Amino acid sequence: MKTDSVWLYGAGGHALVVADALRDLKVPVAGLIDDNPVRVRDSTGSILPGFGINSQFRIPDSALIITIGNCRVRALLADRLDARYHTLIHPSAIVSRTVEIAEGSVVMHGAIVQVASRIGRHVIVNTGARVDHECTIHDFAHIAPSVNLCGDVTVGEGAIIGAGAIVLPGVRIGKWSVVGAGAVVLRDVPDYAVVVGNPARIIRYEQAPLSGDEAVCDGAANETAGSVTLCNEGLSQEVSGNGVSGNGNLHRMHPPSSQRTKTSRTSPAAVAANDLLDSV
């Protein structure tokens, strides 16, 4: 079915790449939605304020892609938005006809997805990534540029595989885990783990993502240099935005807490505006 036009939710660097891919496919960009329009990096079409700053926000009629690199924010928005999602495969990508790709996912320029692989909802298979035979990539995961997933790899929900990483055949990457750029993963990675190096080793554990109203701040986030203010249920907390997995994760503690280090909590409005595509 022909798509007349597509809206993009998020107007940072990832939106620039997706908009370019849509143009290559001759699919018009209907416009951009962002929770901080002042920071928009692409002037394609109309710009609408998102639900983070506009309580009257309504989803446009056209198809939508959530163009935010941060997996946690992408999952939060998908949970909140009742939209008709567009799935994008760039014409330069090589995708086997046996591959299953769910709604809202994008396969970018020069990526390769081989036979019998399955890609979930709102997944990013980024520029030049290689997904070999029988891989399974669950919802909200991000396969960064030039990643090599060898055969029969499983990538859990919301996991991030950093640029240039190599995952050997049959390895399972746990949900909401982070594989650092250039890592070589020889064995399974637990849920929420952060691994780096060759061979990849665990350096810490991430935290489980917030969902629904737990992560939503009424009104726009107040941004300062290097930090943001999180508003939740009347509480105000200034937090730093630094960490291996990028600036400003949305999360809550996942047990066992004794094995985990505290990471930052950032409002979805601020993170979406900052566009944390380079989150590892």
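Which order do the strands of the open sheet of six strands have, and is the pairing parallel or antiparallel? Select the six strands and follow the order 6-9-12-15-18-21, where the pairing is parallel; strands here are DSSP runs of E with at least two residues, helices are runs of H or I with at least four residues, and both are numbered from the N terminus, while two strands count as paired if DSSP finds at least two bridges between them.

Before going further, note that this is a predicted model, in which local features need pLDDT of at least 70 and side-chain atom pairs count only at pLDDT 80 or more, although totals for chains, interfaces and linings use all residues. Residues are numbered from 1 along each chain as its sequence is written, and side-chain values use heavy atoms, with hydrogens and water left out.

**The whole chain**

With everything displayed, the protein shows three helices and 26 strands. Colour the model by pLDDT, the predictor's confidence in each residue from 0 to 100: the mean is 75, and 66% of the residues reach 70 or more. Residues 212-280 stay under 50 throughout. Where pLDDT is low, the predicted coordinates should not be read in detail.

**The open sheet**

Return to the sheet and select its edges, strand 6 (94-95) and strand 21 (184-185), each of which pairs on one side only. Then select strand 12 (residues 130-131) and strand 15 (residues 148-149), which pair in the parallel sense over two bridges; Arg130 has Asn148 in strand 15 as its bridge partner.

Centre the view on Ile173, whose contacts (heavy atoms within 4.5 Å) beyond four places in sequence include Val155, Ile161, Val179 and Val189.

**The hairpin**

Finally, select strand 22 together with strand 23 (residues 201-205), which pair in the antiparallel sense over four bridges. The two strands form a hairpin with four residues between them, and Gly197 in the turn has a positive phi of about 95 degrees. Val195 has Ile202 in strand 23 as its bridge partner.
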